[in-house]
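Please keep the sequence and the coordinates open while reading.

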Amino acid sequence: MNYKEFKRHMGKAGLVNREFANLIGVHEKTISNMSKKEKVPNHMAALVLLMGLLADKHISFRDELEGLGLKKADPRGRSFVKSERNNI
């Protein structure tokens, strides 16, 4: 699935990047960074496809996902490491 199709399914589900990211416990930047790649990772494609299909059938998925209490991972990467060094 390419990013354009991913965004179409996200729209069918009534979600924007921030909402989708919060529901699945990732940072919003993770979602927007996928636009730079040729394909969306399989697990993200499967999730957004299922969310879109559930929304088409008027089946709520938000409460169930929110009930899982998924938490975002600690930030990582170059800019985070650099800012942490400056705080030591």
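In this predicted model, helix H1 (residues 3-12) and helix H4 (residues 42-56) pack at an angle of about 35°, and their axes are 7 Å apart. The crossing that H1 and H4 form is left-handed. On the H1 side the contact is made by Phe6, His9, Met10 and Lys12, and these meet Met44, Val48, Leu49, Gly52, Ala55 and Asp56 of H4. By residue class, the contact of H1 with H4 divides into six nonpolar, two polar and two charged residues.

**The chain as a whole**

The secondary structure of the protein chain consists of six helices and zero strands, so that, read from the N terminus on, the order of elements is α-α-α-α-α-α. Of the 88 residues in the chain, 26% are buried. The accessible surface comes to about 6600 Å², and carbon and sulfur atoms account for 53% of that surface. When contacts between residues at least 6 apart in sequence are taken together, 64% of them join residues at least 24 apart.

Confidence should be kept in view when any of these values is used. The mean pLDDT of the protein chain is 85, and 84% of its residues reach 70 or more. Confidence is highest in H1, at a mean of 96, and lowest in helix H6 (residues 78-87), at a mean of 56.

**Buried positions**

His9, which is found in helix H1, takes part in the contact with H4. Is His9 buried or exposed? With a relative accessible area of 5%, His9 is buried. Leaving aside neighbours within four places in sequence, His9 is in contact with Met1, Val48, Leu49 and Gly52.

Ile31 lies in helix H3 (residues 28-33), and at 0% relative accessibility Ile31 counts as buried. Which residues does Ile31 contact, leaving aside neighbours within four places in sequence? Ile31 is in contact with Tyr3, Phe6, Met10, Asn17, Phe20, Ala21, Ile24, Val26 and Met44. Among these partners, Phe6 and Met10 of H1 and Met44 of H4 also belong to the contact between H1 and H4. The C-alpha atoms of Ile31 and Arg18, 13 residues apart along the chain, are separated by 8.3 Å.

Asn17 has its place in helix H2 and is buried, with a relative accessible area of 11%. Not counting residues up to four places away in sequence, Asn17 touches Tyr3, Lys7, Met10, Glu28, Ile31 and Ser32. Leu23, also found in helix H2, is buried as well, with a relative accessible area of 6%. The contacts of Leu23, with neighbours within four places in sequence left aside, are Leu15, Phe61, Arg62, Leu65, Glu66 and Leu70.

**Exposed and partly exposed positions**

Asn22 is placed in helix H2 (residues 17-24) and is partly exposed, with a relative accessible area of 41%. Asn2, in the segment before H1, is likewise partly exposed, at a relative accessible area of 37%. Asn2 touches Glu38 and Val40, not counting residues up to four places away in sequence.

His58 belongs to the loop between H4 and helix H5 (62-67). His58 counts as exposed because its relative accessibility is 74%, and the cut-off for exposed is over 50%. The phi angle of His58 is near 55°, a positive value in a residue other than glycine.

**Pairs separated along the chain**

The table sets out C-alpha to C-alpha distances for residue pairs discussed in this report.

| Pair | Separation in sequence | C-alpha distance |
|---|---|---|
| Asn2 and Glu38 | 36 residues | 6.3 Å |
| Asn22 and Glu66 | 44 residues | 8.5 Å |
| Leu23 and Glu64 | 41 residues | 9.5 Å |
| Ile31 and Arg18 | 13 residues | 8.3 Å |

Glu66, listed in the table with Asn22, is also one of the contacts of Leu23. Glu38, listed with Asn2, is one of the residues that Asn2 touches.

Terms used
Residues numbered from 1 in each chain as written. Predicted model: local features only at pLDDT ≥ 70, side-chain atom pairs only at ≥ 80, totals over all residues. Heavy atoms only, no water. Axes fitted to C-alpha atoms, helices over the stretch in contact; angles between N-to-C directions. Helix = DSSP H or I, 4+ residues; strand = E, 2+ residues; numbered from the N terminus. Left-handed = near helix turned anticlockwise from the far one by under 90°. Contact = heavy atoms within 4.5 Å. Nonpolar A, V, L, I, M, F, W, Y, C, P; charged D, E, K, R; others polar. Buried < 20%, exposed > 50% of the residue type's maximum accessible area, 1.4 Å probe, protein only. Areas by Shrake-Rupley, 256 points an atom, 1.4 Å probe, with all protein chains shown as cover. pLDDT = per-residue confidence, 0-100.
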